[in-house]
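Subject: Structure handover and findings

Dear colleague,

Please find below the structure that I am handing over to you. My notes on what was found in it follow.

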Amino acid sequence: PDGGQPADALPPSASIERLPPLRLQLAGDHQPAICLESRKLTTDAADWKAAKHHVRLRLPEGTRYETGDHLSILPSNPAETVARALACLRLDAEERVRAHDDIAAAMLPIPAGEVLTAGQLLADFVELEQPATHEQIALFASRCPCPPDAARLRGLLEPETYARDVVAPRLGTLSLLESLPSCAVDLESLLPLLPPMTPRRYSISSSALGNPAECTLTISAVDWLDARGDRHLGVASTHMARLSPGVQARVAVRPGSRNFSLPLNPAVPLIMIGAGSGIAPFCGFLEERALLKAAGKPIGPAVLYFGCRSAGHDWLYRDQLLDWQADDIVDVRPAFSRAGDGGPRYVQDRIRQDRADIIALMQEGAHVYVCGNAETMVPAVEAALAETCADAIGAAPELARRWARRRFVPAGRYAVDAFA
C-alpha cells in the first residue's frame, strides 16, 4: 500500500463543527414542517391573478393547534424575484457576503461576521417587494443621474403622491429600482434599508380533532403582471404553492382572530360567509362538525355562503362540501360572479336574498363568521348583514349595525378573519 500503511488503516477524522442553518437560528419559534401533499384546486384561466392550492403539512414535533387557529409561515422570496434583485444590484448569486461589526451592523438582517451568498441573503433574509419606503426613495434619488427620474423620485416623497403612487398600488422596492435603469445602487447602500423577511399568517383549513399532528392550508398564489408587463409573485403564497412532498417549510401556530372558533356547544347554529381562499377556516369548522356527528354528538344547523367566479373553475373543495351537505353537516349556498345566469353574483347578494333565513338562524342563537378580503369583501358583507338586522329590528342600517355590534360581538357571536 502507498506509504507503507496497513491496508485497513483509515485516515483520521476531520475536526468539523456542524452549525444549524443561519435562517433557522433567526427564525424564532418557527420550526420545520414537512409537506405531505400539494395540489392545485383551480383550473387554468388566463385572467386569473391567484390560483388556489391545497397544502397538507406534518407539523413540527410537539406542535398542536386548535380549530380556527392560524399558521405563521416564514417564507423565502421566489427565485424569479431574487434573480431580478441580483441583476439590479449587479451581484452574482454565489458571491459571498459578510457584514462587519460596525455601527451599521445593527441595521442589517444578518448578524455581523456571518458569511452567506448574495443569493441566500436576498432569498431568505430581506423583503424585496414591500412598498418602497421614503428612505429607499431618497437613496434612489441621490444615486440617479437622470434629471427627470430624479425629479420623479423627489415627487414621490410628497405625502399625497406617495400615498397615491406608492402605497395604493403597492409599488415595491425592487419594481421601483427596475424602472430606473440609470440609478446605480449597490448592496451596501440598500441592505440597511430593506426590512427583514416577515412571517405571513394563513387560516388553518383542517380540524384539530382529525389529526392534531397535521394541518392543511388553502393558498391563493399571487401572480400578476403590472402595466409594464413585469411579473409579480407573492412571497409566502408562491413559497407555499411550490412546495412538493418532503420539502420543509418553517411554521409556527398562532391563535386565530378574536372569537373565530367554534362554539363549545356543537348544537349552536352557524352562519359562515367566505369567498375564494376565505373558505379555509370553514373547511376546518365543517370537518370538526362532521367528526362530532360521526361520534354521535348532535350538531346544529350550519349555512355556508361561498363566493367564487364559477362552479367549473374555482368552487374550492366542491365535492367535499357537497358530501357534507348530503350528510346534513352544512347547507351550501354559493354565489358565482362570472356565471351570467342572473343569480346572486356575490355572497352579499345571496345574504340579501336569504335575509329571512339568516334572521331566523340568528334568532336561534347562531354564531356568524366572515372570512375574506378586508378592503372589499368584508365591508360589503357587513353592509348586507346590517341591512338584514335593520329588517329584523325595524331600524336604519347604520343604527342596526351599531345595535348588532353591541349585541353579538361581546357575546362572541360575530367574528371576522380578514386578510389583505
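In these notes, contact means heavy atoms within 4.5 Å. The model is a predicted one: local features need pLDDT of at least 70 and side-chain atom pairs count only at pLDDT 80 or more, while totals for chains, interfaces and linings use all residues. Residues are numbered from 1 along each chain as its sequence is written, and side-chain values use heavy atoms, with hydrogens and water left out.

Overall description

The protein has 15 helices and 14 strands; these are DSSP runs numbered from the N terminus, with helices being H or I of at least four residues and strands being E of at least two. Taken along the principal axes, the box filled by the C-alpha atoms is roughly 85 × 70 × 40 Å. Of the 420 residues, 49% count as buried. Here buried means under 20% relative accessible area, exposed means over 50%, and partly exposed lies in between (1.4 Å probe, protein chains only). The protein exposes about 20800 Å², of which carbon and sulfur atoms supply 53%; accessible areas come from the Shrake-Rupley method with a 1.4 Å probe, and for residues only the protein chains shown count as cover. Among contacts between residues at least 6 apart in sequence, 74% join residues at least 24 apart.

Nonpolar cores

A nonpolar core is a set of buried Ala, Val, Leu, Ile, Met, Phe, Trp, Tyr and Cys residues joined through side-chain atoms within 4.5 Å. The largest has 41 residues, and those with the most contacts inside it are Leu122, Phe140, Leu153 and Leu176. Two or more residues of this core come from each of α2 (79–88), α3 (118–124), α4, α5, α6, α7 (173–178) and α8 (187–190). Apart from this core lies another, of 28 residues, which include Met272, Val330, Val332 and Ala415.

Helices α4 and α6

In α4, the buried residues are Gln136, Ile137, Leu139, Phe140 and Ala141. Their cover includes α5, α6, α7 and α8. Beyond its neighbours within four places in sequence, Phe140 is in contact with Leu153, Thr173, Leu176, Leu177, Leu180, Cys183, Val185 and Leu190.

Helix α6 (residues 159–167) has Thr161, Tyr162 and Val166 as its buried residues. Seen down the axis of α6, these fall within an arc of 100°, so they line one face of the helix; the arc is that of the directions from the helix axis to the C-beta atoms. In general, an α-helix has 3.6 residues a turn, so residues three or four places apart point the same way. Glu160 and Arg164, on the other side of α6, are exposed. The cover over the buried residues of α6 includes α4 (134–142) and α5 (147–156).

Cysteines

A search of the whole structure finds zero disulfides, a disulfide being a pair of cysteine sulfur atoms within 2.5 Å. For Cys144, the nearest cysteine sulfur is that of Cys183, 5.1 Å away. Cys144 counts as buried because its relative accessibility is 9%. Cys183 is also buried, with a relative accessible area of 4%.

Individual residues

Where does Thr218 lie? Thr218 is in strand β7 (residues 214–225), and its relative accessible area of 4% makes it buried. The side chain of Thr218 makes a polar contact with the side chain of Tyr317 (2.8 Å). A polar contact is a pair of N or O atoms within 3.5 Å; within protein, one must be able to donate a hydrogen and the other to accept it, and residues adjacent in sequence count only if both atoms are side-chain atoms. With neighbours within four places in sequence left aside, Thr218 is in contact with Leu41, His53, Tyr202, Ser205, Ser277, Ala280, Leu316 and Tyr317.

Glu382 is placed in helix α14 (residues 377–393) and counts as buried, at 15% relative accessibility. The side chain of Glu382 makes a polar contact with that of Tyr414 (2.7 Å). Not counting residues up to four places away in sequence, Glu382 touches Arg401, Arg405, Tyr414 and Val416.

Leu291, in helix α10 (residues 280–294), counts as partly exposed at 34% relative accessibility. Apart from neighbours within four places in sequence, Leu291 is in contact with Ser207, Leu209 and Gly210. The C-alpha atoms of Leu291 and Ala252 are separated by 25 Å, the two residues being 39 apart along the chain.

Yours sincerely
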